[in-house]
Amino acid sequence: MIANSVLILAIWGALGSILASPKSNKIVSFLSFIITSVMFFFLSDNYLAGVKQNFSFEWLKYMSLQVDIDLSSTTANYAQILPVYVISLFSILIAIFNTEEKRKQRFCCLVILNLCAVSGAVCAINLLQLLICSCLITVFGFCIIDDMDARKKYAFYNLLADLSLFSVCSLTYGYVGSLDFKSLPMFDKLGSHRDLVAILLAFSICLKIGLFMFHNQLYDLSVLHFNRLSYLLFCSTPLAGLIILHKFYPLTSVSVYARPLLEVLSILTICCGIYSALIIDNIKEKAVGLAQVLFGFGLVSFLFLSANFEKVENVILLGGYLCCLILFAIYYASSYELNVSKMGGFFSGIKFGFVLICVALFSLLHYMMLTFAPANYILSIIFSVLLILITAHIFRQIFFGQSHADERVLAMLKNPAWYLILAMVAISFLFWQEKYFDYSKELMGFFILFILLLVIYPLRKIEPLYNKELLQESDVFEDVFDFLIITPLTILGRILWLLVDFILIERTIINSLSDATGLLIRGVSKFNIFSSWLYLLYVIMSFGLIAFLGYMGNK
Amino acid sequence: MLAKIITLSPEFFLVFALPLMGIISRYRSSKTAKTFYSVSKVALLFSMLATIVFYNRSPMPDFIQNTTYSTLYKVFIDLLAFVTFFLSCKWFLNKNRSSALYYAIGLSLILCLNTMISAVHLGVLVGAYFVASLLQYFLLQLSAEDYEYEDAGKRYFLFMFLFSALMLIGAMWVHAQAESWNYNKIAIYYAKHGWNMKDIMAFASIILGLLFLLGIAPLHFCRIELSGVSILPVCMLCNLLPIVAAYAVILKLLTDVFVSMQVIYLPFLQIIAIVSLLWGAISAIKEDNLRRMFGYCGIYSLGFIILGILPFSNNGITSSFVYLVSYLLTMWGIYTVFFAFKSNGEYLTSLSDISGVFSQKPYASVLLTVFIVSLAGSPPMLIFLGKLQAVDNMIINHAYAEVIVAMFASLLILNAFFKIIRTMFFEIRTKNFDRADRGIYFCLFLNIIFFLVGILNPALFIERFELLLKPIMR
Amino acid sequence: MLNTFSILSLIIAIPFLGMLFTLFAKESADGTTRNVFSVAVFAVIANIVMILRIFMLMEVYKPGLQLVETYNWMQNPNIDIVFGVDVLSLMLLLAIHIAFIIGFIGVRDNLVHQKSLMVWSLLFLSMITGFFVAADIFSFYIFFEAMLLPLFMLLGMFGDVKRQEYVNRFLFYNMVGAVIFFVATVLLFNYQHGMLELQQLNNMKLDSRLEYFIWAAIFISLLSRIPVWPFHYWIASVNSSIRNPMIFLISMILPLTGIYGFVRFLPKTLPAILGNYILILQIVGVVTMLFIALIGLINKDRQYKIFAYVTVYYIMYMLGILTRNEVILLNIAFSFFSYLIIVASMEVFSHYIAKEQNRLGVMDDGLLCTYPKISIIYSFMTLAAVGLPLSSLFLNNFLILSDLLAINIKMGIIMLLSLVIVSSALLKELFRLRDSEKCVLTNNGEDISRGIFCFMLFICFVLLMSFIKPLWFVIGA
């Protein structure tokens, strides 16, 4: 089933993006939505019915390389793909009806193509399929980003990530001699340079997901439309990073450095996300911060507690997307006001919206408890509290804080658009599908805490930080990378060019050879003078030479 | 007697043409260069045919003997002369000058050179050498209107005379020792009695005279100097024909007469070949006069020819001859292009004169490039074979230092060649070039046909050359 | 049924005949050179058809040279001209021919010396075709040297103002290589007492001194064509001076001859004596890679960036070939196919952009926004060039690198680093060209015609297909 859906969607997506034109913008987008919905329903039906189908296409069959494209429909694959379908569907829906989205057809088709690439990555049973799909996800993500600056950083980070992954796959294949993921554990026995492989893998994952230190690329995406930003945060390269981590998980244990590195960076990512969500004024960057927090939660639980990957993925993707939708709804309600510092007192204008947002938030908290608590109860509580702390802080500012908004914004306050409401409701509904009352006490506690935090507003002292331009604009890691990597490389390049090309080759070797030839020419030209005496000398020398040779011969 | 006279017909045809030209010059009113060219053409043609017909008949076996070897060289000289005369006719017509003297001296020169090639008598050789050298001096006089040739002419005369005298002395010494002028007897004498320092000096006198005619370094001076001060027809005639004769004679003397002196002349030839390679290559880079530049290239090529022939193996003789033939074919082509390069009726000599010539004369420029590539010994041109043989010989003799020098020289000479190509193709045209005669293009076309045949089926030439060169092979 | 006896000679002869036809083709009365251009393009297309036919005639995965033709050039010395092909040489030939067509697109509006450009280009094509089908040491050497003249003429006639100096460097390096190769050829010829087929080199047992010298000579002469330090200098200086895409393309193809030389000359099992050479070569190779990649990163000239990219890849292929792994060789052939086409396309469109920039008198930042068709093609080619799965480059480089990394991890890492740097440089350039913020929208911009755009889309399709299956056009492969 997955194979069929990938095939149909790939054809539709490819045709749609090639033949994109303003005339067919809406109709193609709408048809894209219909097709994706149909596929989604078929897939979810099969998932619920537990249908399994094997699909393997023999792609390459060289002596050196046998690669099969695997798109088998298994429960695990369904579980991983379906959340992506959900997000894709709502992204398409939002794109169709949101007036800010201009190139609807192109976006929808790219989302569909990306969906195919993600499906390929999830179903991959060999290194190459995953590598190819990861690269394709990068390409589609690149196309979805419609801002040049954002594209630049995205492309460089992902190029590095893909090349690192490429190296990991090359090395693994070189030592193990098999592309199959099942053979990965053998690398521990057969392979060498384990530390390098594991660190490269960790590096690739960090870059893809945008973990701490490598998160700038995600923040740069905040210039995009909210819908595109939300989609990219959860269905593009960060998701690819997650899938890579999942598939290559055995490799992280071949070195003592890789997993601790990932663990530390995951924790730091949570911190970084909390910081951004609380301190950064820009609502889209807050969304990125929240996404980071959720990715951090997911990774910590997966790495430390070996939580179920499918569930962790659901929390990250659907939960993160829901958070983004919440902020998107606020952003929409405030007539696209970007800065939280210019909001406040919105509760009176969008009461229904607030209630809906709270419901959505608690649905997420419920699902987080369901996912994380079986692995570690305390940690799940901590995660939930942290999320409540952040959201309560933001909601307090936006809904109950002193209003800094324009009169125009206040006057035009409206409840979120129906498609946003639909998306939030649908995702919240998904979170309540199983075990309704397992964590009702905890949820009650969270609710009280949430109310308390709204009322007390404990982090009110950090509110003035919105006005600190240094904090809002700073891009520390970019400066650090620039200082530590780019600048030295540039200087090294210049020095090498000057030393080797210019001084050594141009000035020394080439000039010396020219001078030597010139010397030879000048030397010989002295013997090319038209003079009888010189001619006579040559004659005598020739005689002399024969005489000498004769003398030597006689001897 | 009649049979002997008939056998001498190649020489007679050439001789008869001389008074005929005198009569025409004296009595015919409408005489042009074409008239004399026609006479020379017919004389040459008949002489060549007769040479081929009587290839193994010797009218005076004690003095001159015709073999396939001599016939090959003589026919080759005739062919080159034929082309030279044809092109010269265009030159004289363009300049509107009398060509009687040129053709007359030219025919005489051919006669002398042919005699040298066929000679088996040292006296005849020296005599023919002297007359040939003198005739070249007379040819130089024709350049009086165009160039200040006096100093160069005097120097040439002096050294021509010196070498003729030395050759005569050398020949007389050899005669005194061997009591014969005949090549075979001299060879037998030296084989039997060995040689001393005086014999060596006599040998040196003879061989250096011939090397002077060949124009190899360091005895190349007059050839180079005269190339720059002689008119194009003379330059072509004196730079192509004597080389063939000198080469043929040297080869014959070294393999037939002075064969016992190998221990001296092999290293000597090796040294002068290397000197020629380097001297020719280095000097050509600096030279701006095109004719002198190609003169130096000639010295370089002769260096390779000599290196290729050593130590006179059958393969070496064949491949060197192939090199020589290809070199002369190439030079024929190059001189033909020179005939095509003229501006306002003046034939161009300086490198700067042909700046950007490609834009106006693309075919001639491209063909000159082909000839230059051939001269550089680049495959698949036939000269490459000679170069290959030369390097192969050096490797067989473990003369690796010489290989390095030869390769260094071949790199250096490329600078000169590419200088010409650069000037023709890459620089901006400064002159307006005259339209070239169709005959010149025909000549070039003919030359290219030879080239193509040589490239596609070299065996066609080489196998025949091998057969004809048998008399001097071991 | 085609006579296989002459088909290889025919693919050398077709461009040569094309050259002759071009030489004698009459230019139109209005000074345009459409005739000349059409003849040249026709000749190349005809040869592509022939090459595809050869693919049909041979067994693509059979090892060794096939369709061997022998022509006795002369008997004393005994020299046979032998031609033969395998998948590697044919893939390279096909790529070169396609690259030529792309190159011709780049110069179709050229009015300066168009005839000369076509004539020398076709001559070069003929010579390089001969080089790739050469199966004996003499024909190999003949074509190795013969291709220099057309390139010299092209560089001289279409180079920059400093062309004399650059052309001198080109000559110096290449002629040194050719002369050394000549000596090695003669040595081998002498040792073997005659004719020597390239395949026989594998079985030759040379004495140690001779072996040492011959390998040194072969290495130096082949390296003189490859931009490995210090030979990179001529290529770098020549390429940065060229402003004609066709010439750039041809000069970029030249290093391929050096790389291919290694394929043909190195025995399957490397003699012990080569150990030192190869180690040195590996060290010099990776250092050059990194060095050129870094200079490519800092250099603002787009041409240099493309050159840096080309160099890094060439060296990677060279190091791959030194592994003497048959499978790697096949992958290199497949990889080269895309690589050459990508480089040709990038260069042609980069030149087009530069030309438009000069015409409009604007900066090239954001210029691609005005040219959507070029933007699509250039972006595709850049993304394929950096190694995304859009061409056979991706898959085959994966295999090459996996082998190289397994053999020598340090070398592999530096190689990867270099690849990252050059890829970044190309991406950076692409972003600069597509920077919509700096875009100067103008109505005067002339995008490529629909016909060329369709052709380039077809080329993109060919590249994509090469990713899916490198020999997709061969039935039953």
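How many salt bridges are there between chain B and chain C? The count is 0, where a salt bridge means a side-chain nitrogen of Lys or Arg within 4 Å of a carboxyl oxygen of Asp or Glu.

## Ground rules

This is a predicted model, so local features need pLDDT of at least 70 and side-chain atom pairs count only at pLDDT 80 or more, while totals for chains, interfaces and linings use all residues. Residues are numbered from 1 along each chain as its sequence is written, chains are lettered from A in the order in which they are written, and side-chain values use heavy atoms, leaving out hydrogens and water.

## Where B meets C

Here, 35 residues of chain B are in contact with 36 residues of chain C (contact means heavy atoms within 4.5 Å). Together they bury about 3300 Å², with carbon and sulfur atoms giving 72% of that; buried area is the accessible area (1.4 Å probe) that two parts lose on being put together, summed over both.

## The nonpolar core

The largest nonpolar core has 653 residues. Such a core is a set of buried Ala, Val, Leu, Ile, Met, Phe, Trp, Tyr and Cys residues joined through side-chain atoms within 4.5 Å, and buried means under 20% relative accessible area (1.4 Å probe, protein chains only).

Y73(B) is among the residues with the most contacts inside this core. Setting aside neighbours within four places in sequence, Y73(B) touches several residues, including I117(B), V244(B), F321(B) and L469(B).

## Cysteines

You'll find 0 disulfides over all chains, a disulfide being a pair of cysteine sulfur atoms within 2.5 Å. For C133(A), the nearest cysteine sulfur, that of C123(A), is 8.7 Å away. C133(A) is buried, at 8% relative accessibility.

Conventions: Buried means under 20% relative accessible area, exposed over 50%, partly exposed in between (1.4 Å probe, protein chains only).
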